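This report describes strand pairing, a nonpolar core and a charge–ring arrangement. Please consult the sequence and the structure shown here.

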Amino acid sequence: MLKTIIERLSKVRPAGPNKFRAPCPVHQGKHFNLMLSEDSQGKVGCHCFVCGANGIDVVEALGLPV
């Protein structure tokens, strides 16, 4: 699922093993305030440090099924 989310984001940069930063699609951010990660079992976590968006908010903003 993380790969699907990353493919929909306009800009993404690595932030560590299985971690990425991107502009938040929920508040149409311009800075890399959204943290995305995936654990060893495939669970995806998302958090925007500006608007507080979570994974559900992000996938809805990208038009993906929850």
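Leaving aside neighbours within four places in sequence, with which residues is V58 in contact? The partners of V58 are I5, P25, V26, L34, C46 and A53, where contact means heavy atoms within 4.5 Å. The model is predicted, with local features needing pLDDT of at least 70 and side-chain atom pairs pLDDT 80 or more, while totals for chains, interfaces and linings use all residues. Residues are numbered from 1 along each chain as its sequence is written, and side-chain values use heavy atoms, without hydrogens and water.

V58 also belongs to the largest nonpolar core, which has 14 residues. Such a core is a set of buried (under 20% relative accessible area, 1.4 Å probe, protein chains only) Ala, Val, Leu, Ile, Met, Phe, Trp, Tyr and Cys residues joined through side-chain atoms within 4.5 Å. The residues with the most contacts inside the core are I5, L9, L34, L36, V58 and L62. At least two core residues come from each of α1 (2-8), β3, β4 and α2 (55-61); helices (H or I, at least four residues) and strands (E, at least two) are DSSP runs numbered from the N terminus.

Strands pair if DSSP finds at least two bridges between them.

| Strands | Bridges | Direction |
|---|---|---|
| β2 (residues 19-22) and β3 (residues 34-38) | Four bridges | antiparallel |
| β3 and β4 (residues 44-48) | Five bridges | antiparallel |

K19 stands opposite S37 in β3, and L36 has C46 in β4 as its bridge partner. Five residues lie between β3 and β4 in their hairpin, and G42 in the turn has a positive phi of about 90 degrees.

R13 lies over the face of F32, 4.3 Å from the ring centre; this term requires NZ of Lys or CZ of Arg within 6 Å of the ring centre and within 35 degrees of the ring normal.

Conventions
Buried < 20%, exposed > 50% of the residue type's maximum accessible area, 1.4 Å probe, protein only.
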